[in-house]
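Open the model in your viewer and keep the selection tool at hand. Take the stops in order.

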Amino acid sequence: MIYGLIEVKPKMNKKKVIFAIFIAVVIIAAIGFGIFYHKNPNMFLSQENTVQEENTVLSKPIKNEKQKHIAKVNFLPVYSEEAQNRLDNIYNSEEKSVYLTFDDGPSKTVTPLILDLLKQENIKATFFVLGARVDLNPSILRREYEEGHFIANHGYSHIYSNIYSSTGSVLEEYNKAQQAIQNALGLEYNGHLFRFPGGSTGGKYHNLKKDTKTVLRENQIGYIDWNALSSDAAGAKTKEALLESVKSTVGEKNTVVILMHDAGDKILTYEVLPEVIAYLREKGYIFKNFYDIMK
Ligand SMILES: [Zn+2]
């Protein structure tokens, strides 16, 4: 009997000890997992889910009592090292591609006509909009976005002495235009792409523009000029002159970023656009917009 008890007791104790260790391990593992998960909530999401999660946050409608119109959610630009890299090397591509870009809009008179034509031609373009004009024509901006065009930032006022008074004032202009775009779309949209009014180099403000490029980069904002133009804001007064300017500046370049304007007085830009498009198609260019960069 005694012998039996002695035999049984250690057996029971051994089982209890193993069970107790098992429970302790489970508890420690659970606590450890809890702490780790709390610090890394996305750790079990695939890369794709994580991106979707971020996009969901980005595309969340702005909570604003006054916001009546919310754009149908289309694509949203994404800024990353790779995007910045693609932008820095945009002219090094082997592929023949063309980016149609329109500055200084949206306008009531010209922009809707250009949008109709782009829709008919099935081309997605890029609009470098002015914040002040977005405030005047928010529904036209929504249409640009909903039809798949890229909305980029051209500052708010287009008044050089305001914009270029300091690097901070350039950033203020960007943010003010950004706010106008967000108000018009009802979405937390950021194109992360700026075009310096008057171009990013040269002129009276050259040094300030140079310093501003660093500030823009620190704020995850890329910039782009152009390497071809219709001269619609610089003297060309006839359709023939506009088309000739496009042809001579496009030349034999592989990647072409064409500067045009959709301000209210640029009706000629619209009128010559079918011929510009036909010419580029004939030369074998593929039409792109900056969603091909900011993705
Ligand atoms: Zn401009």
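Select N122 first. The residue sits in the loop between α4 and β2 (126–129). This is a predicted model. Is N122 buried or exposed? N122 counts as exposed, because it has 8 C-beta neighbours inside 10 Å. Now check its backbone. Phi of N122 is near 55°, which is a positive value in a residue other than glycine. Most residues other than glycine have a negative phi.

Helix α4 covers residues 111–121, and L113 is part of it. Select L113. L113 is partly exposed, since 16 other C-beta atoms lie within 10 Å; the cut-off for buried is 20 or more. Along the chain, L113 and Y270 are 157 residues apart.

Next, go to P106. P106 lies in the loop between β1 (97–103) and α4. Which form does the peptide bond from G105 to P106 take? It is cis, with omega near 0°. Most peptide bonds are trans.

Now for a pair of helices. Two packed helices are described by the angle between their axes and the distance between the axes. Select α6, residues 138–146, and α8, residues 167–185. Their axes come within 8 Å and cross at roughly 80°. So α6 is roughly perpendicular to α8. Show the side chains where they meet. From α6, pick P138, L141, R142 and Y145. From α8, pick I181, N183, A184 and L185. Colour this contact by class: six residues are nonpolar, one is polar and one is charged.

Move on to S231. The loop between β6 and α10 holds this residue. S231 is another residue to check for its backbone angle: phi is near 60°, a positive value in a residue other than glycine. How many other C-beta atoms lie within 10 Å of S231? There are 17, so S231 is partly exposed.

Follow the chain into α10. This helix runs over residues 239–250, twelve residues in total. From its first C-alpha to its last it reaches 16 Å, close to the 16 Å expected at 1.5 Å a residue. Which residues of α10 are buried? Select L242, S245 and V246. They cover an arc of only 100° around the axis, so they lie on the same side of α10. Keep them displayed and bring in their partners. The buried residues of α10 pack against β6 (228–229), β7 (255–261) and α11 (267–282).

The face of α10 turned away from its buried side carries the exposed residues E240 and S248. Then step off the end of the helix. G251 follows α10, and its phi is positive, near 50°.

Finish with the whole protein chain in view. Colour by secondary structure to pick out eleven helices and eight strands. Colour by burial next. Of the 295 residues in the protein chain, 33% are buried. Last, draw the contacts. Take those in the protein chain with a separation of 6 or more: residues 24 or more positions apart account for 79% of them.

Note on methods: Residues are numbered from 1 along each chain as its sequence is written. This is a predicted model: local features need pLDDT of at least 70, side-chain atom pairs count only at pLDDT 80 or more; totals for chains, interfaces and linings use all residues. Axes are lines fitted to C-alpha atoms, for helices over the stretch in contact, and angles run from 0 to 180 degrees between N-to-C directions. Helices (H or I, at least four residues) and strands (E, at least two) are DSSP runs, numbered from the N terminus. Angles under 35 degrees count as roughly parallel, over 145 as roughly antiparallel, 65 to 115 as roughly perpendicular and the rest as oblique. Two residues are in contact if their C-beta atoms, placed from the backbone, lie within 7 Å. Ala, Val, Leu, Ile, Met, Phe, Trp, Tyr, Cys and Pro count as nonpolar, Asp, Glu, Lys and Arg as charged, and the others, Gly among them, as polar. The expected span of a helix is 1.5 Å times one less than its number of residues. A residue is buried if 20 or more other C-beta atoms lie within 10 Å of its own, exposed if 12 or fewer, and partly exposed in between; C-beta atoms are placed from the backbone. The arc is that of the directions from the helix axis to the C-beta atoms.
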